[in-house]
Amino acid sequence: MSQPVLSLQDVTIYQDNNAVLTNISLEVNHGEFIYIIGKTGTGKSSFMKTLYGDLPLKQGKGTFVDYDLAKLRERDIPYLRRKIGIVFQDFKLLPDRNVFDNLLFVLKATGWSEKREMEVKINEVLDKVGMKTAVHKMPHQVSGGEQQRIAVARALLNDPEVIIADEPTGNLDPQTSVEVMQLLREINQNGKTIIMATHDYALLMKFPSKTLKCDGGTLFEVVQRTV
Ligand SMILES: Nc1ncnc2c1ncn2[C@@H]1O[C@H](COP(=O)(O)OP(=O)(O)OP(=O)(O)O)[C@@H](O)[C@H]1O
Ligand SMILES: [Mg+2]
C-alpha cells in the first residue's frame, strides 16, 4: 500500500470553538510507529480524538484509513473505528464481566455473531498479548499491566490497520511500561501502524521512533535528541 494511512493538510483541531492546534500538515505511512509528545493540555488527546471521529474535522483536509475526515458522517464512525484499535491510559475494561465477556461484548457490538468464530478470535488476541490464562478472570483480579495487555488484545479484535494509544503506560510502573511498550513494538513489527501519545521520555529514549510534538499551538516533527 503506497497511500499514507494518515494525511493532514492545513488542519486546525478545535475543542468547541477554541483552536487547540493550528496549521497541521503531515503524513503517516503504513507501518510507522509515531509518538505524540507535549506538555499537558497542548492537544495530544484532541489530535487523536479527531482521528477516531470523537471531534469533527472542521478546518483543513484530512484522510485517515481511507476516510475523508472532513466529510465524516455520524453513521461512518462505527466503520472508521473498526479499522483502528484504541487503547487508553485507564484501560476501560468493563468491571462487571470477565475478560472473555469484555472481548465478546466488543465483537458483538461490531457485527460478529458466530459463537465459535468469536471464541477463536478472543483466544487468538489474548494469546498475542500473553494473557490467554486470564480469559475467565474478572478485571479486578488482574494487575494494571495485565489489564492494559487485555485492552491491547481488545484493540486487536477487528484486525485494525492502526492502533491509537493515548498514554497507554500512564498508569503503569516503569518495568510494566517497558513490557507494554515491547508488546506495542511487536505489534508494530507485525505491520500495524501505531500512533501513541506519551509523557514518558524514558520510554521514548529506550524505544526511539519518529516523534511529533504539540507545542505553541501546533504539531510538528522533532528530532529525538532535541525533545
Ligand atoms: N471536552 C473538552 N471540552 C472543551 N475543551 C477541552 C476538552 N477536552 C480538552 N479541552 C481543552 O483542549 C486543550 C487540549 O486538551 P487535550 O486533552 O487535547 O491535551 P493533552 O495534550 O491530551 O493533555 P494531557 O497530557 O493532560 O492528556 C486544553 O486546553 C483543554 O483544556
Ligand atoms: Mg491527553
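Predicted model: local features only at pLDDT ≥ 70, side-chain atom pairs only at ≥ 80, totals over all residues.
Residues are numbered from 1 along each chain as its sequence is written, and chains are lettered from A and ligands numbered from 1 in the order in which they are written.

The chain contains seven helices and 10 strands, where helices (H or I, at least four residues) and strands (E, at least two) are DSSP runs numbered from the N terminus. Its radius of gyration is 17 Å, close to the 17 Å that the globule rule gives for 227 residues, so the chain is as compact as a globular protein of that length. The radius is taken over C-alpha atoms, and the rule is 2.2 Å times the number of residues to the power 0.38.

Of the 227 residues, 37% are buried, that is, 20 or more other C-beta atoms, placed from the backbone, lie within 10 Å of their own. In soluble globular proteins, nonpolar side chains tend to be buried together. The largest nonpolar core here has 59 residues, of which Ile36, Ala153, Ile164, Ile194 and Ile195 touch the most other members. Such a core is a set of buried Ala, Val, Leu, Ile, Met, Phe, Trp, Tyr and Cys residues joined through C-beta atoms within 7 Å.

The residues around ligand 1 (C-beta atom within 6 Å of it) include Gln15, Asp16, Lys44 and Cys214. Helix H1 (residues 44-51) gives the most to this shell, with three residues.

Notes
Buried ≥ 20, exposed ≤ 12 C-beta atoms within 10 Å, placed from the backbone.
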